[in-house]
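Me: I have a model to go through with you. Let us take it question by question.

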Amino acid sequence: MKKSCILYPIILLCLTGCNFNTGIHKTPHKGNAVYYWKTVLSPDKDEEDFLRKNQVKTMYVRFFDVDINKNSTFSDMCAPVATIDLYNLDPILDQQIEVVPVVFITPKAIKEYPSFTDNLAHRIYAMCHKHRIDIREVQFDCDWTTSTRDAYFQFLVDVREALKQYFDTNIAISSTIRLHQLAQDPPAVDYGVLMCYNTGDFKNYDTKNSILEIKDVKPYLKYLNTYRLPLTLALPTYSWIVMFNENKKFVTLNEYDYLENLHDTTRYKHLKDNRYEVVDPYEINVAKYARYEEVSAETILEVKKLITRHYGETPVVLYHLDTKNLSKYQDDEIKAFYK
Amino acid sequence: MMKSKLFTSSILLIFSLPLLACGPLSIIPPEQHWLFYTGYRMYDAKSTYWRSDLDEKFRNENINFWHDYVENSVPRDAVEAALYDEILLDAHSTNAFFRYLLDHHDTTALHYWMSLKSNDSVYVKQLRWKQSAWWYPETDGDNKWNMFNDMSVTESDDCPVDLSILKVRELDEACIKQCRHAEIRNRYLLQVMRKYFYTENFAKCISVWKKYGAKVPESALRTQCLNYYGGALLRMGREAEAATVYAGIGYFDVYLHYNPDVLRKVYQKQPNCKEFEFMVQQFVNQYFDHPKKSKAEAFNSLADEIVRAGRNRNPALWRSAQATIAYINRDTPKAVQLLAEAEKMRGTPVVKENIRMLRLIVNSTRTDIDSIYEAKLYPDLKWLAQNIQRDLCVRDSCLSNHLHEAYCSCNQLNDYSVLCGEDPYSSNLASHRVKVLRRVIFLGAMPHFKKIGQTYKSIAYLNLYDVVFRESELLYYLDTTSVGDIIRYARFLQSGGRTPMEKFLIQNNHKNINYFYDFIGTQYMRTEQYAAALPYLEKVSEDFREEQRIAEYLTAKQNPFAEEWITKKENQGVYGLSFNPMKEYAKKPGKLTFCQLMIRLQKEIQTANTAEKRAKAAYAYAIGLYQSSIGYAWALNRYYTSSWDNPSVPGDIPKYADKSLKERQNKVEQWLDRAMKYKKDKVFSMKCKIPHRRYRSQLKETVTVKYSWGEVNVQQFNKEVRSTFCDRFDDHNGYSNPNWLSSVWYY
């Protein structure tokens with residue numbers, strides 16, 4: 001009895017050690033979740049059905065990006081760009097889905113973070129206030145590296161304080177975690193969302209599939225069991241076409257040019273596997289080769305299995321809500337992703 | 001580059017001597033000259049203000065007030081810092097201005113400052129947020145543009161205050177009421193209005209102004225207050241009143257003033273609103289920049305209604321505005337008809353003057369009055385020119401000698417506001433008169449006479465502009481006008497003129513005939529017509545040559561017959577002729593001598609009895625041609641541009657110069673070809689090939705030059721050329737640098 005009295009607090013302390021540092025206000029989302037990454041929020045009928053059918057409880061909605069200000073009208077060092085048009089929130093609010101604003105911050109902008117923390121918090125508040133969204137959490141997405149880590153981590157501390165000025169309740173902070181960031185100390189947030197996608201270099205012509213390849217995930221699995229931050233798992237259900245010029249240099253990404261377009265022989269000629277040659281006379285001056293990328297259900301499930309084995313069960317967020325992309329997967333496959 | 005600028009200035013001095021206006025001028029290609037004058041508005045009698053100007057004015061006024069308030073006993077910088085920097089006001093304040101107030105226990109001022117600093121934190125933050133890129137409307141009615149119509153807050157910044165030192169007072173009406181110091185009371189009024197405005201309490205903003213505004217004297221502070229007052233009225237939906245208030249302070253609001261509906265509302269409330277002149281002027285000018293058919297139609301209908309009703313005492317304003325709109329719409333007959341109607345109507349002096357200027361503008365571009373064109377222009381143009389000359393005299397009398405000099409050196413002759421700023425309306429009108437003159441001359445008369453084949457008259461009108469407005473546009477125009485036109489112009493000047501307009505032009509033209517002879521001679525020289533140039537150059541008086549002050553550009557040092565790329569002295573300019581052109585030129589350098597020598601060379605080529613002599617004369621001629629146009633003796637042929645200037649001359653001049661210089665290079669090469677044809681000598685041919693583009697590369701070799709920092713491959717003349725003609729090879733010496741010639745041509 002005595003022994004257990006001493007051990008219990010120690011075990012508890014070990015289990016929640018990071019929480020004392022970061023001051024957790026909110027645990028990772030419960031239930032199914034999905035990202036919304038388009039610039040107009042207006043879910044179509046199929047997307048609404050998807051939310052209902054899969055009992056999605058949380059939607060991470062990209063509100064805006066933060067980048068270096070290029071508009072000379074304003075003196076701000078950094079400015080919000082590509083702000084989402086919250087056109088139709090009803091289907092989400094009707095289903096009592098929790099909206100989590102997500103803000104993507106470019107690496108260049110994060111270097112200037114002291115210049116925008118308060119404005120950023122004010123803006124999130126303004127957007128929520130105008131559209132009557134009750135939020136409990138804000139998520140930040142930033143591809144930080146060792147050179148920008150300190151700035152980003154400090155920003156996360158500061159923005160939590162800034163948000164307190166605008167919201168009556170404490171707002172939890174979460175952050176995306178890229179696989180390469182697992183090797184670093186975690187940021188002081190309430191939890192992280194492990195992005196199991198964008199694992200390859202999409203600009204490299206020789207990359208087979210930049211969205212997700214199991215071989216790209218494996219080297220990082222070793223960090224998972226010691227990572228001092230609760231994590232949830234984000235899995236990719238998107239596809240895209242990567243375009244290259246005749247010198248096989250990257251030209252552009254077509255995120256909403258779907259597979260059926262590649263079957264249009266007036267535009268593309270199939271070479272082999274996921275490789276195509278551009279034959280459309282209107283496009284040929286811009287790009288010569290195309291690589292279609294998507295992730296099979298098997299690969300997604302395999303990755304999920306690997307993560308679970310090394311980290312344990314954790315909720316899943318799918319990236320991202322888009323009927324065309326999600327229609328590639330069977331209902332039971334989607335259920336398996338979430339399960 | 002420098003050389004050419006000095007030269008230009010010297011030439012300009014001829015015109016400017018009596019006027020002392022001799023500042024540097026920008027070089028504008030003549031074919032683009034007119035574009036610079038198209039942007040001027042046609043109706044511009046009353047000045048408008050820019051927010052930044054008013055802020056600056058208020059800033060100065062504010063600093064001066066507080067500086068005087070503390071009896072100038074602290075540095076002005078300290079006052080400025082207290083006002084505009086984030087300076088803390090508490091018992092430990094180190095700022096000299098605050099220290100003074102604290103030490104003198106000036107509770108009146110301290111209460112003002114405490115209230116100001118603490119209250120600012122609330123609404124300055126709100127303002128900054130609304131003016132940032134991050135702003136997002138928090139409610140459906142939240143509108144960003146509202147904020148941009150008003151002055152930014154520059155008076156003070158958010159400043160933490162030690163509340164234990166002084167009791168913070170809420171900025172409200174009580175502050176104004178209780179303050180015994182009149183000036184500080186006015187400042188309280190501004191701050192209270194500002195606070196109400198930015199906290200969107202527009203009704204209170206309006207009511208405090210109505211209650212206390214009457215006592216605020218004319219000042220930048222009053223204008224600031226009125227700006228908030230107008231803004232508050234606008235936000236309360238009282239558009240007619242807002243439009244009037246804004247107009248009263250010279251602030252143009254596109255929504256209010258480019259809006260016939262608002263003008264109608266103003267008219268309904270006040271048929272004789274004295275701000276109509278500003279409002280109508282701004283409407284017309286906005287239409288000039290952004291014409292919208294629907295706006296014009298609505299305005300015309302309102303103007304017709306106002307004129308018909310007879311309640312407005314300034315109907316000429318409305319009719320002349322309609323005429324301007326018709327003119328902007330290129331409906332000249334209608335513009336003429338409406339102007340004629342306007343002339344007969346009642347109108348203020350400003351409106352009447354504008355009508356006359358409009359008539360001048362319209363007539364200057366009419367194409368249906370060729371036979372009576374000048375007769376139509378004459379009375380109005382004379383009147384305008386006299387008015388401008390009178391304005392200049394008035395302005396000159398405002399200037400001390402010191403200012404006058406500074407003013408001339410800055411060449412800001414059209415900036416009346418700097419010097420006659422006490423009366424912004426009249427200085428604006430003076431400036432507008434000049435703009436009208438420019439329009440009439442550059443867009444009306446000059447193109448008109450050029451079109452009908454009387455370019456010499458275009459020159460006369462341009463000369464009139466220079467005389468009236470003390471400018472020096474003529475030089476550039478003449479320098480690119482055909483010699484025939486300059487001769488016709490010179491004859492015109494000497495004719496005395498037939499009509500009143502011609503007499504007026506001649507009377508008001510610079511008439512130093514030496515100047516025109518020099519121009520004609522130079523133009524002929526430029527086209528190798530040396531014999532034709534000679535009689536004109538001979539007529540240029542010695543005195544004038546002295547006066548020109550260009551002798552330094554026409555010296556033996558810049559001898560046009562020197563083969564400057566040849567550094568072996570014994571070879572320079574000797575040519576083996578019966579006379580040495582270099583020596584002859586050195587005896588009496590200048591255009592006349594050069595012309596005479598080129599004629600002698602031409603004759604020598606024709607009459608030489610041996611091929612060798614012919615060849616040498618042709619070579620010497622080619623060198624003379626080369627140096628006098630492309631080379632360093634460019635001043636013989638050109639007034640304001642040279643091969644040296646071209647790479648850095650702004651605008652299209654390089655293209656312009658490039659074309660004529662390339663033609664000249666072709667000519668030079670033709671003469672060099674002839675020289676080589678006459679004399680088949682290896683060394684002589686080599687000499688001819690050096691300045692010749694076709695052969696130059698054959699004389700070059702690539703060598704590796706070692707520097708302390710590494711090696712570079714450069715092209716230079718081959719050993720044979722160097723041993724024959726060049727003592728040295730210097731990479732940085734333009735004359736012997738083998739790349740020199742290519743740098744002239746392929747910049």
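Predicted model: local features only at pLDDT ≥ 70, side-chain atom pairs only at ≥ 80, totals over all residues.

Me: Which strands are the edge strands of the open sheet in chain A?
Reply: Five strands of chain A form this open sheet, with antiparallel pairing. Their order is 10-9-13-12-11. From one strand to the next, the twist averages 30°. An edge strand pairs on one side only, and that holds for strand 10 (250-254) and strand 11 (268-270) of chain A.

Me: Which two domains of chain A each give at least three residues to the lining of the second largest pocket?
Reply: The second largest pocket has a volume of about 910 Å³. Its lining counts 31 residues, and those nearest its centre include Arg178(A) and Trp240(A). Strand 2 (56-68) and strand 6 (172-178) of chain A each give two or more residues to the lining. The domains are domain 1 (32-238 + 297-338) and domain 2 (240-293).

Me: By class, how many residues in the lining of the second largest pocket are nonpolar, polar and charged?
Reply: Met195(A), Asn198(A) and Phe202(A) are among the lining residues nearest the centre of this pocket. Gly counts as polar here. By class, the lining has nine charged, seven polar and 15 nonpolar residues.

Me: Why is the pair of Tyr258(B) and Phe283(B) tilted?
Reply: The structure holds 59 aromatic pairs over all chains. In this one, Tyr258(B) sits in the loop between helix 12 (254-257) and helix 13 (260-269) of chain B, while Phe283(B) is in helix 14, 25 residues apart. The ring centres are 5.0 Å apart. Stacked needs planes under 30 degrees apart and edge-to-face over 60, so the pair is tilted at 55°.

Me: What is the omega of the peptide bond from Tyr319(A) to His320(A)?
Reply: His320(A) lies in the loop between strand 14 (316-319) and helix 10 (323-326) of chain A. The bond is cis, with omega near 5°.

Terms used:
Residues numbered from 1 in each chain as written. Chains lettered and ligands numbered in written order. Heavy atoms only, no water. Pairing = 2+ DSSP bridges. Helix = DSSP H or I, 4+ residues; strand = E, 2+ residues; numbered from the N terminus. Axes fitted to C-alpha atoms, helices over the stretch in contact; angles between N-to-C directions. 1 Å grid on protein atoms, 1.4 Å probe; cavity = no way out; pocket = protein on both sides within 12 Å on 5 of 7 lines; lining within 4 Å. Points joined across faces, edges and corners; volume = space filled by probe spheres on them. Domains from an automatic or database assignment. Phe/Tyr/Trp six-rings, centres within 6.5 Å; stacked < 30°, edge-to-face > 60°.
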